[in-house]
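Hello,

Here is the structure I promised to hand over. Please open it first, then read my notes below.

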Amino acid sequence: MQWEQVLAPRMGRMKASEIRELLKLLDQPDIISFAGGIPDPALFPVAAFQSALTSALAPGRADTALQYSVSEGYLPLRQWLADHMTGLGIPCGTDNILITSGSQQALDYLGKLMIGTNDTVLVNWPTYMGALGAFNAYEPVYDRLDPRENRGAAEFRAKAAEAGGTVKFAYLSVDFANPTGETIPRADRERVLDLATDLGAAVIEDAAYQALRFDGDPVPPILALEIARKGSIEECRTIYCGSFSKTLAPGLRVGWVCAANPVIGRLVLMKQAADLHSSTLNQMAIAEVAANSFDAHVAGLRDVYRARRDHMLAALTREMPAGVEWTKPEGGMFVWITLPDGMDGADLLARSLETERVAFVPGRAFFADGSGGNTIRLSFSRADEAAIDEGIKRLGRLIAAG
Ligand SMILES: Cc1ncc(COP(=O)(O)O)c(C=O)c1O
């Protein structure tokens with residue numbers, strides 16, 4: 001079969017993610033991995049889920065747990081989320097919440113909702129590669145969003161027209177971003193809102209790591225800043241994507257979108273067409289664990305991840321040769337490294353796996369234009385302190401050798 005003859009043009013844009021391919025190599029026991037940005041499974045609230053799943057399957061509740069359900073999501077979970085979002089400065093009701101199968105599904109639906117072929121999407125350089133992967137299927141053109149760069153709406157609009165479309169939205173990973181670990185300051189969030197308003201474009205606020213702040217003051221979500229300007233979520237162009245993957249359990253695939261009704265209504269139509277609804281049993285389990293222990297559980301995660309971040313930053317200071325720079329995240333899972341000029345992250349990974357047995361993610365895949373060759377992403381979420389010390393020592397040695 002000549003599959004190329006029957007494939008849609010969009011498949012040309014869909015490539016295997018470097019991270020997914022890499023994760024396959026990491027089962028080898030002697031590798032120290034700073035690669036996947038995933039939670040430490042030792043920290044999963046297993047007992048709480050055992051009890052929540054047993055209760056969801058008890059007589060009287062099992063009929064709901066195992067039956068088809070509504071596309072919007074399990075109402076008690078949406079109620080918990082409406083309260084949670086209100087606590088973040090985003091007053092809203094259950095009608096403003098859609099449960100998705102992870103926030104990754106929300107990114108796919110939002111791409112499907114807004115991007116036509118050759119429309120422009122504004123992203124940071126670098127940005128979450130999974131967002132690029134989700135949007136690529138809808139064949140956008142990317143333009144670089146740097147809130148501190150003084151490009152006005154007219155310039156973005158002209159460039160988008162040249163590419164054959166219009167600017168549809170800006171996408172930003174806002175807190176402890178994947179991949180840089182950096183948080184977008186309040187003034188820059190306000191600037192993004194100003195720009196999107198001038199462009200008539202939407203803003204997708206990806207807050208996957210929002211709850212994992214170790215220190216410093218929380219920065220209000222873009223959606224909260226917009227509600228402060230406009231008075232109500234119904235007037236807002238910002239679409240907030242949240243996730244339980246980094247706090248409770250990624251395997252249950254539960255995320256959410258919080259936005260104005262016209263957006264939620266259309267996403268519900270999309271979900272009906274795509275997968276009817278997210279797993280009811282999983283939503284019931286998440287709802288119970290969140291209601292009973294979200295804050296306490298997340299406080300425990302923060303303590304463990306904070307210590308690992310501190311350990312990694314101290315090891316980098318000790319071990320890295322001159323010419324290497326790195327970010328100092330206030331939360332999340334990532335430190336972003338800029339290598340000495342001319343050094344390539346992908347080459348370094350190949351050498352590292354061969355000689356030092358340390359894994360990380362080369363930075364290029366996070367850049368929509370394929371630049372960023374001299375960058376790498378390290379995750380501190382899964383390695384214990386001894387592995388961090390040893391892994392960073394080996395990496396420093398390899399980089400110093402040039
Ligand atoms: C910034 C960001 N957004 C979204 C996701 C998707 O997460 P999930 O679909 O598990 O909610 C991830 C996962 O790594 C991420 O890093």
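How far does a polar side-chain atom of Ser 245 lie from an oxygen atom of the ligand? The distance is 2.6 Å. This counts as a polar contact (a pair of N or O atoms within 3.5 Å; within protein, one must be able to donate a hydrogen and the other to accept it, and residues adjacent in sequence count only if both atoms are side-chain atoms).

First, the ground rules. This is a predicted model, where local features need pLDDT of at least 70, side-chain atom pairs count only at pLDDT 80 or more, and totals for chains, interfaces and linings use all residues. Residues are numbered from 1 along each chain as its sequence is written, and side-chain values use heavy atoms, with hydrogens and water left out.

For Asn 178, a polar side-chain atom lies 2.8 Å from one. For Arg 253, a side-chain N or O atom is 2.8 Å from one. On its own, the ligand has 390 Å² of accessible area, and the protein covers 91% of that. Such areas come from the Shrake-Rupley method with a 1.4 Å probe; for residues, only the protein chains shown count as cover.

The shell has 13 residues, and Ser 103, Asp 206, Tyr 209, Ser 243 and Ser 245 come nearest. By class, three are nonpolar, seven polar and three charged. Here Ala, Val, Leu, Ile, Met, Phe, Trp, Tyr, Cys and Pro count as nonpolar, Asp, Glu, Lys and Arg as charged, and the others, Gly among them, as polar. Helix α5 (residues 102–114) gives the most, with three residues. Helices (H or I, at least four residues) and strands (E, at least two) are DSSP runs, numbered from the N terminus.

Strand β10 covers residues 334–338. Four of its five residues are buried, so the rest of the structure largely encloses β10. Buried means under 20% relative accessible area, exposed over 50%, and partly exposed in between (1.4 Å probe, protein chains only). β10 pairs in the antiparallel sense with β9 (residues 325–326) over two bridges. It also pairs in the antiparallel sense with β13 (residues 375–379), over five bridges. Pairing requires at least two DSSP bridges between the strands. Ile 337 of β10 is the bridge partner of Trp 326. In β13, the partner of Ile 337 is Ile 376.

Helix α6 (residues 129–136) is mostly covered, with seven of its eight residues buried. Among them are Met 129, Leu 132 and Phe 135.

**Salt bridges**

The structure holds 24 salt bridges. Each is a side-chain nitrogen of Lys or Arg within 4 Å of a carboxyl oxygen of Asp or Glu. Three are worth a look.

- Arg 189 meets Asp 175 at 2.9 Å, N to O. Arg 189 sits in helix α8 (residues 186–199), and Asp 175 in the loop between β5 (167–173) and α8, 14 residues apart. Both are buried.
- Asp 344 meets Arg 364 at 2.4 Å, N to O. Asp 344 lies in the loop between β10 and α12 (345–356) and Arg 364 in the loop between β12 (361–362) and β13, so the pair ties together parts 20 residues apart in sequence. Asp 344 counts as buried because its relative accessibility is 18%. Arg 364, at 35%, counts as partly exposed.
- Asp 143 meets Arg 151 at 2.9 Å, N to O. Both are buried. Salt bridges that share partners join Asp 143, Arg 151, Glu 155 and Lys 159 into one network.

Best wishes

Conventions:
Near = heavy atom within 4 Å.
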